Amino acid sequence: MTQTQVRTRGDSLARVTHNQQIGPSYFRLGLQLEGEAAQIYARFRPGQFVELKLDNAALPAPAAIPPELADLAQRYIILRRPFSLCSLEVEATSAILEIIYGIIGPGTVRMTKLQPGQSVSVLGV
């Protein structure tokens, strides 16, 4: 790949900027990408999808897991989870993607534990 070529998709590491609860079972997650990854995602628009790799995300304390998801939450996560972007903020060398998600399964249960500064693998096409 030459210096003038920019990838149009790929697996990138994003840094969690915030993971704010906005309702009883809804959260707003911010992910910051820098450098080449920011250039890739700068062309995205709200409504487009990214996939998050959550196999290494921690489980919350049992009391924080909704009772109807207690059994499901224990499952190992193999596949990436798709999420639609709700907003995108682009600066010179970085991009911040925002996702709104509801707690509906083992992946989103684990997402509630993501803290600012943690890394998450993001795949966009």
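Q: Why is Ser94 called buried?
A: Ser94 has a relative accessible area of 7%. Buried means under 20% relative accessible area, exposed means over 50%, and partly exposed lies in between, with a 1.4 Å probe and protein chains only. Ser94 is therefore buried.

Q: What kind of model supplies these values, and how are residues numbered?
A: The model is predicted: local features need pLDDT of at least 70, side-chain atom pairs count only at pLDDT 80 or more, and totals for chains, interfaces and linings use all residues. Residues are numbered from 1 along each chain as its sequence is written, and side-chain values use heavy atoms, with hydrogens and water left out.

Q: What does Ser94 touch, and where is Ser94 placed?
A: Ser94 is in strand β5; helices (H or I, at least four residues) and strands (E, at least two) are DSSP runs, numbered from the N terminus. Not counting residues up to four places away in sequence, Ser94 touches Gln32, Leu33, Glu34, Ala38 and Glu89, where contact means heavy atoms within 4.5 Å.

Q: Why is Ile22 called partly exposed?
A: Ile22, in strand β1, has 45% relative accessibility and therefore counts as partly exposed. Together with Tyr26 and Ile100, Ile22 makes a nonpolar surface patch of about 280 Å².

Q: Why does Gly117 count as partly exposed?
A: The relative accessibility of Gly117 is 46%, so Gly117 counts as partly exposed. Gly117 lies in the loop between α2 and β6. Leaving aside neighbours within four places in sequence, Gly117 is in contact with Arg15 and Val16. The C-alpha atoms of Gly117 and His18 are separated by 8.6 Å, although these residues are 99 residues apart along the chain.

Q: What makes a set of residues a nonpolar core, and which members touch the most others in the largest one?
A: A nonpolar core is a set of buried Ala, Val, Leu, Ile, Met, Phe, Trp, Tyr and Cys residues joined through side-chain atoms within 4.5 Å. The largest has 29 residues, of which Leu31, Val50 and Leu52 touch the most other members. β2 (26–34) is one of the elements that give two or more residues to this core, and β2 gives the most, with four residues.

Q: Which side chains of β3 are buried, and which strands pair with β3?
A: Two strands pair if DSSP finds at least two bridges between them. β3 and β4 are antiparallel over four bridges, and four bridges also join β3 to β6 in the antiparallel sense. Glu51 stands opposite Pro82 in β4, and Val50 has Gly124 in β6 as its bridge partner.

Notes. Patch = residues over 30% accessible without salt bridge, like charges linked within 9 Å, V, L, I, M, F, W, Y side chains within 5 Å. Areas by Shrake-Rupley, 256 points an atom, 1.4 Å probe, with all protein chains shown as cover. Salt bridge = Lys/Arg side-chain N within 4 Å of Asp/Glu carboxyl O.
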